[in-house]
Amino acid sequence: MQECVQTRHVPIRNKVFKKASVLNKASIINYVVALLIILTMNFFIPRLMPGDPLQAIYGNEALLVMTPELQEELTHRFSLDRPLGEQYASYLLSLCRGDLGHSYYYNAPVLKVISGFLPWTLLLTGLALVISTLVGFFLGVESGSRRGRPLDQVLLGSIMLFSGFPDFFMGIMLLLFFGVFLSLVPLSGALTPYAGHSGLMLVADLLHHLALPLAALVLVRLTATYLLTRSTMITTLGEAFILTAKAKGCPERIIRYRHAGRNTLLPVVTAAGLQFAHLVTGTLFVEIVFSYPGLGSLLYKSLLTRDYPLMAGILLVLTVVVLTINLLLDVFYSKLDPRVAKCT
Amino acid sequence: MLTIKNLKASYNGLQILKDINLNLEKGQVLSVIGESGTGKTTLGRAVMGLLEGRCTGEILFKGKNLLTCPEEERRRIRGREIAMVFQNVEDGLHPLYSILYQVMEAVLIHGLTDKKAAEKRACEVLELVGLDNRRSLAYPHQLSGGEKQRALIALAVVNNPDILILDEPTASLDALTKAEIIAVLRRITREKASLVITHDISTAADLSTHMAVLYGGRIVELGATGDMLTGPRHAYTRGLLRSYPNMTTTKDLQGIPGRMSHHVEGCPFHPRCTQRIRICSAEAPLPAVEGNRLIACHRGGIVPLLEVRCSKSFGPLKVLQDVECILHEGETLALIGESGSGKTTLAKTVMGLLKADEEEIRLEGKKVTRRTIDFYKRIQMIFQNPGESISHRMNVLQTVKEPLDIHKTGNEEEKLERVRQVLNEVELPGDDAFLKKYPHHLSGGEAQRVAIARALVLNPKVLIADESTSALDASVQAKILKLMMNLQEKRGLSIMFITHDLALAKKISDRLAVLLKGRIVEEGPTSEIIYHPLHPYTRALIDYAPLLEDRSARPAGSRWARRTHSGTCGNSLQAAPRLKRPPSATSTGCPYANRCLAVKDRCLEERPELIACSPRKVACFYPPVDYKIQSN
């Protein structure tokens, strides 16, 4: 993205009025290449490990209880008796069919297991991303435009304090305080089991369970956005175009959001994309702390049970999620910045 | 419309503006010029109310003091009634909005709610500044520097403000774009009161009706633009003009010595001024009206150092007839003329080496009746032939030290020190071996430098140089002239340069006086005379001045082809002036009549007086028609 801005800075004049494509081809290709590389690594690593690839794919213990017939069948299924090229092709094909392998702990296809847990994780991380970015941005703008004044100092001080905590520690602290001492929120789960809520009640119950893990994630993620926004705000407010805006007679609020804020949003969006992967790992920990039925809990369980296919499947799904979110943010970014949008 | 009274502005205790008084009327374009750091931009921002620092005094706009206005009211004035275009075109526009949107916003925030109307108005203004519909939809990164500047101007004028402040509107634009922007601005500023802040004097000259020179947070000179450019009266203004490269003036670039500081007591310019006196460092001068100018200077601007009026005749031959000239401080006046025109006689008469029939000489305003020893301390002369003008019996030390002996300044050691110092100044070695050399040991260039050193050792204010470099070859001459120009820049040396070489005079002089048969026939700023000579004699001198080109390659009839194609050029002089009447020294007519091609009967009978033809003077009845002679 950055490179694109620098090297091809002047768009062809007559393209100004063509509606810029939402996202240029080059960056989609980038994502496809990234995905292929990840898939390839996922394919090769178990096969490059010493010993039997089946052992690497299914783990030692699974192999011990395996009957020769089953082993035969699995070998055939992974095309392990064929040349490497064919193996790779059949791996990709089975991925296309949605076949991520078989979880022997759950005794079900991995994809099916994951799809039961994935929505909860998406809900949690998605909300955490949106809320922490919005709140962090808002606080950063207000704080940055009041640099050195009391509100700025109080905000800066308290947010810096949070930034020191890891996500799971924040989760534990919140859980202890709100869940154990105050008993305001449930200690685990995503929904009250067997309550049979529907409609609004269901949403309320859902939010009730979501509040603490979400708060833990937002509070920790907030700091990065806040600090970035604040410092970018301070730089932007010194730019010449802010002076132009003042000379136009723009009211303070318009200068703060329409002029400085809009410009500040650019690095914030970029940073949100970069930090999303970090947020996902944070979510995994937080889910474990709150026993939230998401991929984090599932991964933890699969680790305990050494369910290798499940683990690999979870990691692959998470990778695809991270890539997708980054792609979406790129689309969003090109809407925000005309310099990038025209850069095709 | 806008009145600024006693405006002071400071940042962190550092006072940038000290007592600014200005008045701006509708239709006026006032340019504020000065070096960077003199407070030009601060002034603009103070009027806008966008100054970070503290302001005191009064800024009256339509009778209201803006400095005491509440912020909300100022905001409403900003951009609607007083608008400003800032310096720094590159970042002045928001990178994420289209030009049209940004211009529209300026309309919408001032109360207009109808988006369609706002868009229409924005389009009109963008059209006015030369950005069509297609360009106005573009984003800033798609525009060139000139287009960005146009967009910024559109932003400022979209609400039709009464007062427009332009901060370096043409900085960093190429010449053609600059000319287009200036054309746009001229159209726009016609109906407004405008303030143009710039260090680019040519922009100021093009745009403004009035010009104010700002130095150290004070206005040092203010007047009509044309007057200021042809006749700067404050030493700082003159320094600015001298250091500004342009196609009008011909003198080599000269700077202003020293550097600007805001921590100066008294007149802000006095540490760099070459004509300062004691009071300059004690108190700041108040602006006072001097002729058509407002000047803040204890000395009333650049002082006339030497005023000469004299006549001299050798027997029946009138060598100087009522010659009148003025030499200002820090200025070079070139006296030009063919041999026998009385140049050297004038110099010797001024020095008192020849007794004039009639003379009136004023040195620094005081009439000189007797050439006392003090007179020679202030005024020194370098003679035509350096080899001859230095005594053969004196070595370098004795030659240079002699004036010090005569004036009894200091003891022997101090004198030696001073001699070494002045030799160093003229770029000669000050070692003992050199000091013991005799004139015949020296080359022509060295001898001339010794002569200059002798003239400078008393630190005179006026130097009369009589053909002092004509005996030298060009490279040595160039060095010596550079030296004299440097001394002029550094200590405000006034030079009366007598030469027959017009090309040389063009490079080093501020003003030119053309001498013919003991009379000045044309006098004025050098560039004016060189580019637009009025007197036929001056034109002849210019036609015959040295050129470095193959003139036969030029098309016939062009300005450069005069000499080889003389018969074909209308106004210019022809190769061999014909004698119309026998020359007579006692003739009552124009001294040039017998050689002039455009001679008429009147020229033979009556002598033309030197009359003002702003900004110069000329003595001719029939100057070229395209010049209007102003009657006195």
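A nonpolar core here is a set of buried Ala, Val, Leu, Ile, Met, Phe, Trp, Tyr and Cys residues joined through C-beta atoms within 7 Å; buried itself calls for 20 or more other C-beta atoms within 10 Å of the residue's own, with C-beta atoms placed from the backbone. One caution before you click: this is a predicted model, where local features need pLDDT of at least 70 and side-chain atom pairs count only at pLDDT 80 or more, while totals for chains, interfaces and linings use all residues. As for labels, residues count from 1 along each chain as its sequence is written, and chains are lettered from A, ligands numbered from 1, in the order in which they are written.

Start with V103(B), A154(B) and V213(B): of the 152 residues in the largest nonpolar core, these touch the most other members. Now bring up helix α10 (200-237) of chain A, which gives the most to this core, 14 residues. (Helices are DSSP runs of H or I, at least four residues, and strands are runs of E, at least two, numbered from the N terminus.)

Back to V103(B). Leaving out residues up to four places away in sequence, V103(B) touches A122(B), V125(B), L126(B), A154(B), L155(B) and V158(B), a contact being two C-beta atoms, placed from the backbone, within 7 Å. Another core, of 80 residues, lies apart from that one, and includes A334(B), V350(B), F497(B) and L516(B).

Next, the sheet in chain B. Select β14, β13, β16 and β17 in that order: the four strands make an open, antiparallel sheet, pairing meaning that DSSP finds at least two bridges between two strands. β14 (317-328) and β17 (366-368) of chain B are at the edges with a single partner strand each, so one side of each has no neighbour in the sheet. From one strand to the next the twist averages 20 degrees. Zoom in on β13 (304-314) and β16 (358-363) of chain B, an antiparallel pair with six bridges; V308(B) sits opposite I361(B).

What packs on this sheet? Helix α12 (343-351) of chain B does, touching β13, β14 and β16 of chain B, at about 65 degrees to β14(B) (axes are lines fitted to C-alpha atoms, for helices over the stretch in contact, and angles run from 0 to 180 degrees between N-to-C directions). Colour the buried residues of α12(B): K343(B), T345(B), L346(B), A347(B), T349(B) and V350(B). Just past the helix, G352(B) has a positive phi of about 85 degrees.

How values were computed: A residue is buried if 20 or more other C-beta atoms lie within 10 Å of its own, exposed if 12 or fewer, and partly exposed in between; C-beta atoms are placed from the backbone.
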